[in-house]
Amino acid sequence: MAGNIVDDLLLGSVEFAVEEFGSLLIVVLGHERCGAITATIDAIHSGGAAPGHIGTIVDALRPVVEPVLDQPGDPVENGVRANIAAQVAALSARSTIIAEKVHQGALRVVGARYDLDNGRASLVA
């Protein structure tokens, strides 16, 4: 799913897994050189919009990506990491099912970044 955006459909699917299958771990997995983050940065810099429904992804990512554009380092990498953290937080903030299971210690929600070059994932949030 481009951008890992926690919307109602994704949230329902994750809640279903937690409730029906007793999932113990949720991993929000971002990756280097993310096209959704790049499209968002391009739209911010150009002042334009992404074509078609890609604009929905860009609009959802804009509030996460914009604040990190002036940070040192690669803007796409900064955006990827910021988005992973934002979506990890959104899962518990938007779902009482997930929040309660986390509070009970029955579920963990973590963020990780996948490195396309070496195939390794590392925890980041």
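This is a predicted model: local features need pLDDT of at least 70, side-chain atom pairs count only at pLDDT 80 or more; totals for chains, interfaces and linings use all residues.

Trainee: Let us begin with the core. Which residues of the largest nonpolar core touch the most other members?

Mentor: The general idea is that nonpolar side chains tend to be buried together in soluble globular proteins. In this structure the largest nonpolar core has 24 residues, and those touching the most other members are Ile26, Ile37, Val65, Leu91, Ile98 and Val109. At least two core residues come from each of helix H1 (8–21), strand E1 (25–31), helix H2 (35–46), helix H3 (54–65) and helix H4 (75–94). Helix H4 gives the most, with six residues.

Trainee: What does Val109 touch, if residues up to four places away in sequence are not counted?

Mentor: With those left out, Val109 touches Ile26, Val88, Leu91, Ser92, Ile98 and Val102. Among these, Ile26, Leu91 and Ile98 also belong to the group that touches the most other core members.

Trainee: Which residues of H4 are buried, and what covers them?

Mentor: The buried residues of H4 are Val76, Glu77, Asn78, Gly79, Val80, Ala82, Asn83, Ile84, Gln87, Val88, Ala90 and Leu91. Their cover includes H1, E1, H2, H3, helix H5 (96–104) and strand E2 (108–114). Asn78 counts as buried because its relative accessibility is 14%, which is under the 20% limit. Apart from neighbours within four places in sequence, Asn78 is in contact with Val68, Gln71, Pro72 and Gly73.

Trainee: I turn now to charged residues. How many salt bridges does a search of the whole structure find?

Mentor: The search finds seven salt bridges.

Trainee: Where is Glu32 found, and is Glu32 buried or exposed?

Mentor: Glu32 is found in the loop between E1 and H2. Its relative accessibility is 9%, so Glu32 counts as buried. The side chain of Glu32 meets that of Arg33 in a salt bridge at 3.4 Å, N to O. A polar contact of 3.5 Å also joins the side chains of Glu32 and Arg113. Setting aside residues up to four places away in sequence, Glu32 touches Glu77, Arg113, Tyr114, Asp115, Leu116 and Asp117.

Trainee: What separates Arg81 and Glu77 in helix H4?

Mentor: Arg81 and Glu77 are separated by about one helical turn, because they are four residues apart in H4. Their side chains meet in a salt bridge of 2.8 Å, N to O. Arg81 is partly exposed, with a relative accessible area of 38%, whereas Glu77 counts as buried at 17% relative accessibility.

Trainee: Which residue forms a salt bridge with Arg113 at 3.7 Å?

Mentor: Asp115 does so, 3.7 Å being the distance between the closest N and O atoms. Both Asp115 and Arg113 are buried.

Trainee: How is an aromatic pair described, and what is the case for Phe16 and Phe21?

Mentor: A pair of aromatic rings is described by the distance of the centres and the angle of the planes. The count in this structure comes to one aromatic pair. The ring centres of Phe16 and Phe21 are 5.6 Å apart and the planes stand at 80°, so the pair is edge-to-face. Phe16 is partly exposed, with a relative accessible area of 47%, whereas Phe21 counts as exposed at 62% relative accessibility.

Trainee: Finally, what does the side chain of Asn4 reach?

Mentor: Asn4 is found in the segment before H1, and its side chain reaches the backbone oxygen of Leu29 at 2.9 Å. Leaving aside neighbours within four places in sequence, Asn4 is in contact with Val28, Leu29, Gly30, Asn83 and Gln87. The C-alpha atoms of Asn4 and Arg120 are separated by 18 Å, the two residues being 116 residues apart along the chain.

How values were computed. Residues are numbered from 1 along each chain as its sequence is written. Side-chain values use heavy atoms; hydrogens and water are left out. A nonpolar core is a set of buried Ala, Val, Leu, Ile, Met, Phe, Trp, Tyr and Cys residues joined through side-chain atoms within 4.5 Å. Buried means under 20% relative accessible area, exposed over 50%, partly exposed in between (1.4 Å probe, protein chains only). Contact means heavy atoms within 4.5 Å. A polar contact is a pair of N or O atoms within 3.5 Å; within protein, one must be able to donate a hydrogen and the other to accept it, and residues adjacent in sequence count only if both atoms are side-chain atoms. A salt bridge is a side-chain nitrogen of Lys or Arg within 4 Å of a carboxyl oxygen of Asp or Glu. Rings of Phe, Tyr and Trp (its six-membered ring) pair if their centres lie within 6.5 Å; planes under 30 degrees apart count as stacked, over 60 as edge-to-face and the rest as tilted.
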